[in-house]
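Here are my notes on this model, point by point. Please read them with the structure open.

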Amino acid sequence: MPVLVAVLILVLLIILASCVKIVPQATALVMERLGAYNGTWGVGIHFKAPFIDRMAKRVTLKEQVVDFAPQPVITKDNVTMRIDTVVFFQITDPKLFAYGVDNPIMAIENLTATTLRNIIGDLELDQTLTSRETINTKMRASLDVATDPWGIKVNRVELKNIIPPAAIQDAMEKQMKAERERREAILKAEGEKKSTILVAEGQKESAILDAEAEKQAAILRAEAEKEKMIKEAEGQAEAILKVQKANADGLRFLKEVGVDDAVIQLKSLEAFMKAADGQATKIIIPSEIQKLAGLVTSAVEVAKE
């Protein structure tokens, strides 16, 4: 009898323990009572009625990431390629998530594949390769609307890889190689052009500097020549001034000592005699000086006798 009581007490304790639930952070429990939805338990401690309440589904409220396998799609210009996608989603309503669709992940995968085919079918190959952001935005908007009745919010959709056929890849590589070679040729031509322009500008500046230097040298030479001429003119003027001053002093002296006309005529004769010592072939002597010369000659002869 004591053993039976102990077993009953143990079973009762187990049942009571199973009726206590502690819900951790970022988790929700969908509860049912007698097979019908009874409520959603959030973070904290909860108690359920034994035998009539049960947990229908444990839901994670954190953002989740699902990487789907590559899907074959056909572009508008009939090119078949394979694209794999990554979907970031978060459960916002545990009740709708538990009762909205049987397999939410599979539903999202199939919905992603069909939406991707619809979007890529309206684009050509080049647009598909260069419009990742546009495709991501359109897919996120379509998936978010479609998954809203399931209590799921699609936050982001990313195209992970776009794999075109091998022939298209070879053609694209050749095109990229040709484009790189074209850019290289353009850059080389632009470099040569800039180099030629720089050389021409350097020669132009050098010629300008040479002309400027020659101009400055000519100006300096002209100024030096001008200064030389000025100094020579000043020297000549000073010499003439000194000669004129000497002549004036001589005349002043003669005037002071009272020299008569005969002496003046004699001095004039001496001046003409000095002039005759030059290279002149003819000398015109005034009559007064000729008479004076005759008198001087007569006086000389008388003195000799």
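1. Arg 156 and Glu 63 form a salt bridge, with their closest N and O atoms 3.8 Å apart. The term means a side-chain nitrogen of Lys or Arg within 4 Å of a carboxyl oxygen of Asp or Glu. Arg 156 sits in strand S9 (residues 152–163). Glu 63 sits in the loop between strand S5 (53–60) and strand S6 (64–67). The pair links distant parts of the chain, 93 residues apart. Helices (H or I, at least four residues) and strands (E, at least two) are DSSP runs, numbered from the N terminus.

2. A word on the basis: this is a predicted model, where local features need pLDDT of at least 70, side-chain atom pairs count only at pLDDT 80 or more, and totals for chains, interfaces and linings use all residues. Residues are numbered from 1 along each chain as its sequence is written, and side-chain values use heavy atoms, with hydrogens and water left out.

3. The classes are buried under 20% relative accessible area, exposed over 50%, and partly exposed in between (1.4 Å probe, protein chains only).

4. Asp 67 is partly exposed at 45% relative accessibility. Lys 160 is partly exposed at 43%.

5. Within helix H6 there is a local case. Arg 183 forms a salt bridge with Glu 179, and the closest N and O atoms are 3.3 Å apart. The two residues are four apart in helix H6, so about one helical turn separates them. Arg 183 is exposed, with a relative accessible area of 51%. Glu 179 is partly exposed at 27%.

6. How many salt bridges are there in total? The count comes to 10. Arg 140, Asp 144 and Lys 153 are linked in a network of salt bridges. Side chains of opposite charge can pair when their charged atoms come close.

7. For aromatic pairs, the count comes to one. Tyr 37 and Tyr 99 form that pair, edge-to-face, at 6.0 Å centre to centre and 85 degrees between the planes. Tyr 37 is in strand S3 (residues 36–41) and Tyr 99 in helix H2 (residues 94–100), 62 residues apart. Rings of Phe, Tyr and Trp (its six-membered ring) pair if their centres lie within 6.5 Å; planes under 30 degrees apart count as stacked, over 60 as edge-to-face and the rest as tilted. Tyr 37 is partly exposed at 34% relative accessibility, and Tyr 99 is partly exposed at 40%.

8. Now a buried residue. Thr 128 lies in helix H4 (residues 125–130). Its relative accessible area is 0%, so Thr 128 is buried. Which residues does Thr 128 contact, leaving aside neighbours within four places in sequence? They are Thr 75, Met 81, Ile 120, Leu 123, Ile 135 and Ile 162. Contact means heavy atoms within 4.5 Å.

9. Ile 168 is in helix H6 (residues 166–257). It is partly exposed at 22% relative accessibility. Not counting residues up to four places away in sequence, Ile 168 touches Val 79 and Leu 125. Ile 168 and Met 81 are 87 residues apart in sequence and 9.6 Å apart in space, C-alpha to C-alpha.

10. Last, the whole chain. The protein has eight helices and nine strands. Of its 305 residues, 20% are buried. Among contacts between residues at least 6 apart in sequence, 62% join residues at least 24 apart.
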